[in-house]
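Biologist: I have a model open and would like to learn how to read a few of its features. Could you walk me through them?

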Amino acid sequence: MSTEKEMNPAEVEQEQEHDTNYQPPPQKTIEEIMAADAEDESLRKYKEALLGEAQAEKIVFDESDPRKVIVKKLALVVADRDPMELDLTGDLTKLKKNVFVIKEGIQYKIRIDFVVQREIVHGLKYVQKTYRMGVP
């Protein structure tokens, strides 16, 4: 008999979400960032170099897409093997058919290709769910 209480997947996910103490920085517009510390010449030059064209106008890759972050591709990168990629620009309902099988103990990296448009984005969050024999 086990002394641990059994938790359903929803409870496990909720518990994992509350374990983090990370607080993203407050959201600021590009204009607010440029206006702050305007008297500091070296900081002003640094901001101009960092922001580039974004300080003059908002950079937009897709006018019809209101999202600030557009995720293009997700790739599983394993040494000595071509990356396995998921194209996230098409129909997302077909993605459930694509499954990555990861052997236990193998080292891998996840690569996410994305584009940021319209504003500066703070605190992107990535959540990965891994199942072993159908159990999270």
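Modeller: Let's begin with Ile30, which sits in helix α2 (residues 30-35). Helices (H or I, at least four residues) and strands (E, at least two) are DSSP runs, numbered from the N terminus. This is a predicted model: local features need pLDDT of at least 70, side-chain atom pairs count only at pLDDT 80 or more, and totals for chains, interfaces and linings use all residues. Residues are numbered from 1 along each chain as its sequence is written, and side-chain values use heavy atoms, leaving out hydrogens and water.

Biologist: Is Ile30 buried or exposed?

Modeller: Buried means under 20% relative accessible area, exposed over 50%, and partly exposed in between (1.4 Å probe, protein chains only). Ile30 has 7% relative accessibility, so it counts as buried. Its C-alpha lies 9.6 Å from that of Glu57, 27 residues apart in sequence.

Biologist: And where does Asp80 lie?

Modeller: In the loop between β1 (69-78) and β2 (84-87). Asp80 is exposed, at 86% relative accessible area, and its phi is near 60°, a positive value in a residue other than glycine.

Biologist: Which backbone atoms does the side chain of Gln117 reach?

Modeller: A polar contact is a pair of N or O atoms within 3.5 Å; within protein, one must be able to donate a hydrogen and the other to accept it, and residues adjacent in sequence count only if both atoms are side-chain atoms. Here the Gln117 side chain reaches the backbone nitrogen of Asp62 at 3.1 Å, and one of its polar atoms lies 2.9 Å from the backbone oxygen of Asp65. Gln117 itself is in the segment after β3 (108-116) and is buried, with a relative accessible area of 1%.
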